[in-house]
Amino acid sequence: MPENKIKILDCTLRDGGYYNNWNFKNDLIEEYLLTMKNLDIDYVEIGYRSLDIEGSKGPTAFSTDKFISSLTNRKNINLGIMINASEIINNSLSVLKKLFPSNVKSEISFVRIAAHEHEVAKLKKTIDFLKNKKLKVFVNLMQISEYSTDVLLNKISYLNTTKIDVLYFADSLGNLDKSKINKIIYNSKKLWSKPIGFHFHDNMSRALENSLFCISQGIEYIDSTVCGMGRGPGNLKTEYIINEIKSFSRPEKKLNILQNLLDNFFFELKKKYAWGTNIYYYLSGKYSIHPTYIQQMLSDNRYEAEDIFLAINNLKNNGGKKYNPNTILGANNFFKTKVTGVIKKPSFIKNKEVLVLGPGPNLELNKYEVVNFVKKNNISTIALNCKKVIDEKYVTLRAACHPTRLNIDYKIYNKIKTPFIIPYSMLPNTFIKKNKFNIIYDYGLKISSKEFKINNKFCTLPNLLVVGYVLAFLAASKVSKIYLAGFDGYETSDPRREESEIVFKEFKKINKNIELISVTNTNFNLKKLSLYGLNQ
């Protein structure tokens, strides 16, 4: 296939943002754009365009016209953005008018719409709106490996009635091989005569091989990212594909420009975020598990290798194709569906102060001071899960609620005499039979996005963090004050920070009479008290 018919779409700043929350430094963005221009990359997807402002996100999460126009090296590049169908299909025109205001000059030339199967048939108004803006429109069909032939033909038949320019297929689960790709292409071309593109994830180290196969079959558009930076295991590397399909008169000069970009920025980012395929991503591809599950666990030091393999084993049988941050280990399939608990609270903590012992290194660094604080103030303590830092005689209670910890730590439960707070009534019978807890305070748990509610028998939480479960239990037990030790916090780009901040924020909102005070160093938004009694 002639080189000039193959279009490379580089989406580094969009797909790579899943690792750093789209917080790319300005000098990186400028050098990246200059490099793309020098390499004659056909299309550059600068980022997402979205109205979702939750969390601490950088500029390429929104890719506003104002941001794009501020970039020095934006000229003479086909710049575009991606929008999620989920954000626009219910109120398409009102949302689209905010995303693409008519009174603002735009320098983008194309828009990609990322759509799941059930969203495709609701895109016509969006497509018409964008085409009226004189924009090139691509539709990106997510998780294409899960489409049956009938569904694929049905979606293409519908898209044929619209004005889109390019039909894109995303190998979201990273498990396509040549035979599956060939089937997709063969069936697509029965109905589709316009250009087709593919976006490959590299779970099983097939991104380059699959891309070259697509090109040999007449596919016109291929996605890539610098250093393969992208969600989960990452994508086809731009530095690989250009060497396969582009011819430069001075290749040493062109490739040196790219190498400088890698040396100056991307190798450091890869060292920090560690994307790239491994056995976990390979298995996620093999079992059609959404790679974000693996990415989330690898970025969280709470998960050991055994935990991740256990998660993969659970997810392959329990709906792992669609990502849900609250069900890493299939919690919805682990707990009994009826949300229940038993009214039995430890009366000795009512109207008392309690210290919660967290997992952070600052608990270990200050363990002697923490013990002195406990003895001096004669307060009860609650340790999370089974991690032992201070002497067990200073641990009043322990708490666990996450299926990971419950499945991994069960051998330890039989050896610990400390009473446990767990959602006991909701545990499967098979789990209860193999465990013997000393004393149990049974408190139920329900997970519901963005909700934090405290009831006498159970709580409703926005995520599965055990600290949220403990705080709810303590509020239901009517404690007077809560101290925390070992809640160090995380970097801004770490997804665990946002999860934890949501818990603390929502708890404080509905429990204004209970103070949360950290007695060890923390970067969470908490009141602080020195272990030496000095307010910080």
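Predicted model: local features only at pLDDT ≥ 70, side-chain atom pairs only at ≥ 80, totals over all residues.

Author: Let me start with one sheet, reading helices (H or I, at least four residues) and strands (E, at least two) as DSSP runs numbered from the N terminus, and taking two strands as paired if DSSP finds at least two bridges between them. The sheet is open and has three strands in the order β14-β16-β15, with mixed pairing.

Reader: What makes β14 and β15 edge strands?

Author: β14 (444-447) and β15 (453-454) each have a single partner strand, and therefore one side of each has no neighbour in the sheet.

Reader: How do you know that β14 and β16 are paired, and in which sense do they run?

Author: β14 is joined to strand β16 (residues 458-461) by four bridges, and the two run parallel; the requirement is at least two bridges, so the pairing stands. Within this pair, G444 is placed opposite F458 of β16. Helix α22 (residues 466-476) packs on the sheet and touches β14, β15 and β16, its direction making about 140° with that of β16; axes here are lines fitted to C-alpha atoms, for helices over the stretch in contact, and angles run from 0 to 180 degrees between N-to-C directions.

Reader: Which strands close into the barrel, and how are they paired?

Author: Eight strands close it in the order β1-β2-β3-β4-β5-β6-β7-β8, with parallel pairing. On average, neighbouring strands of this sheet are turned by 25° against each other when direction is ignored. One example is strand β5 (residues 136-141), which pairs with β6 in the parallel sense over four bridges, L141 standing opposite F169 in β6.

Reader: Why is D15 counted as buried?

Author: Buried means under 20% relative accessible area, exposed over 50% and partly exposed in between (1.4 Å probe, protein chains only); D15 has 2% relative accessibility and therefore counts as buried. D15 lies in helix α1 (residues 12-15) and, residues up to four places away in sequence being set aside, touches H199, H201, T225, M229, G230, R231 and N235, where contact means heavy atoms within 4.5 Å.

Reader: What makes the approach of the D15 side chain to N235 a polar contact?

Author: A polar contact is a pair of N or O atoms within 3.5 Å, of which, within protein, one must be able to donate a hydrogen and the other to accept it, and residues adjacent in sequence count only if both atoms are side-chain atoms. The side chains of D15 and N235 make such a contact at 3.0 Å.

Reader: What makes the phi values of S288 and N351 worth a remark?

Author: Most residues other than glycine have a negative phi. S288, which is not a glycine, has a positive phi near 55°, and N351, also not a glycine, has a positive phi of about 60°. S288 lies in the loop between α13 and α14 and, at 14% relative accessibility, counts as buried. N351 is in the loop between α16 (331-334) and β9 (353-357), and its relative accessible area of 55% makes it exposed.

Reader: Why is the ring pair of Y19 and Y273 called tilted?

Author: Rings of Phe, Tyr and Trp (its six-membered ring) pair if their centres lie within 6.5 Å, planes under 30 degrees apart counting as stacked, over 60 as edge-to-face and the rest as tilted. The structure holds 22 aromatic pairs. In the pair of Y19 and Y273 the centres are 6.2 Å apart and the planes stand at 50°, so the pair is tilted. Y19 lies in helix α2 and Y273 in helix α12, so this pair ties together parts 254 residues apart in sequence; both residues are buried. Ring pairs also link Y43, F110, F138, Y168 and Y221 into a cluster.

Reader: Which members of the largest nonpolar core touch the most others?

Author: A nonpolar core is a set of buried Ala, Val, Leu, Ile, Met, Phe, Trp, Tyr and Cys residues joined through side-chain atoms within 4.5 Å. Among the 92 residues of the largest one, I83, F100, L159, F198 and F266 touch the most other members, and helix α12 (residues 251-273) gives the most to this core, with seven residues. Another core of 51 residues lies apart from it, including I349, I440, L445 and F487.

Key. Residues numbered from 1 in each chain as written. Heavy atoms only, no water.
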